[in-house]
Amino acid sequence: MRKRKRIIAAITILLAGFALYGYFQYQRTNQDLRNTQADQTVDATTLIREFAGDDTLADMKYRKRILAVRGIVKSVDTTNNGVSVILGDTVQSASIRMSMDSTWKEISTIHKGMPITIKGILNGYSKDPTGLLGDEIVFNRGVLVSHQ
């Protein structure tokens, strides 16, 4: 009888622990990048060159870090229920896709060809095996730092 009570108590404590952990994970929010210092500021063409040279090394260097990327706007993509600002130059087919934070509403201030700095978290690198579309470096939760 005593052993049974201990087992029931242990299971109850374990379930309560799982419930608390689940509650806190559910309530957790993403870090607001507008008020966060970037780990590093890098030029878009430099970042593209690093990934084109050795994508494994560049991925280890920058993955999941907050970067402020300076570059020229190639285009603004408003498909898929979000906004992405594409950075790069007209010479290279490779680009940087900055998926903007869902709270970002300044799309009307961004135009093709303008210099801009966007802060975001590096999510990955997509190499184009055909060479037709160009490689793409992908960032999430982008926020505008500066533009002209």
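User: In which element is the place of R141?

Analyst: This is a predicted model. In the model, R141 has its place in strand 6.

User: In which loop is K64, and what is its phi?

Analyst: K64 sits in the loop between helix 3 (55-62) and strand 2 (66-77). Its phi is near 60°, again a positive value in a residue other than glycine.

User: Is K64 buried or exposed?

Analyst: A residue counts as exposed when its relative accessible area is over 50%. K64 has 57% and is therefore exposed.

User: Let us turn to buried residues. Is T117 buried or exposed, and where is it found?

Analyst: Buried means under 20% relative accessible area. T117 is found in strand 5, and because its relative accessible area is 11%, T117 is buried.

User: Which residues does T117 touch, apart from those up to four places away in sequence?

Analyst: T117 touches A68, V69 and R70, and also V143, L144, V145 and S146.

User: What can be said of D135, and is D135 buried or exposed?

Analyst: D135 counts as buried, with 17% relative accessibility. Its place is in the loop between strand 5 (115-126) and strand 6 (136-147). The side chain of D135 is joined to that of Y125 by a polar contact of 2.7 Å. Beyond its neighbours within four places in sequence, D135 is in contact with residues including S93, A94, S95 and Y125.

User: Which residues is I96 in contact with?

Analyst: With neighbours within four places in sequence set aside, I96 is in contact with A44, L47 and I48, with V69, with V85, I86 and L87, and with I137 and F139.

User: How many salt bridges are there, and what is the general idea?

Analyst: Side chains of opposite charge can pair when their charged atoms come close. In this model the count comes to 5 salt bridges.

User: Which residue forms a salt bridge with E50?

Analyst: E50 pairs with K61, and their closest N and O atoms are 3.4 Å apart. The pair links distant parts of the chain, since E50 is in helix 2 and K61 in helix 3, 11 residues apart. E50 is partly exposed, at 25% relative accessible area, and K61 is partly exposed as well, at 39%.

User: Which residues are linked with R97 in a network of salt bridges?

Analyst: The network links D77, R97 and E136. R97 forms a salt bridge with D77, in which the closest N and O atoms are 3.1 Å apart. Since R97 lies in strand 4 and D77 in strand 2, the pair ties together parts 20 residues apart in sequence. R97 also meets E136 in a salt bridge of 3.0 Å, N to O. Here strand 6, with E136, is linked to strand 4, with R97, across 39 residues.

User: Finally, which residues form the nonpolar patch on the surface?

Analyst: The patch is formed by I7, I11, L14, L15 and F18, which together have about 530 Å² of accessible area. I7 lies in helix 1 (residues 2-27) and is partly exposed, with a relative accessible area of 46%.

Note on methods: Residues are numbered from 1 along each chain as its sequence is written. This is a predicted model: local features need pLDDT of at least 70, side-chain atom pairs count only at pLDDT 80 or more; totals for chains, interfaces and linings use all residues. Side-chain values use heavy atoms; hydrogens and water are left out. Patches are made of residues with over 30% relative accessible area and no salt bridge: like charges are joined within 9 Å, nonpolar side chains (Val, Leu, Ile, Met, Phe, Trp, Tyr) within 5 Å. Accessible areas come from the Shrake-Rupley method with a 1.4 Å probe; for residues, only the protein chains shown count as cover. A salt bridge is a side-chain nitrogen of Lys or Arg within 4 Å of a carboxyl oxygen of Asp or Glu. Helices (H or I, at least four residues) and strands (E, at least two) are DSSP runs, numbered from the N terminus. Buried means under 20% relative accessible area, exposed over 50%, partly exposed in between (1.4 Å probe, protein chains only). A polar contact is a pair of N or O atoms within 3.5 Å; within protein, one must be able to donate a hydrogen and the other to accept it, and residues adjacent in sequence count only if both atoms are side-chain atoms. Contact means heavy atoms within 4.5 Å.
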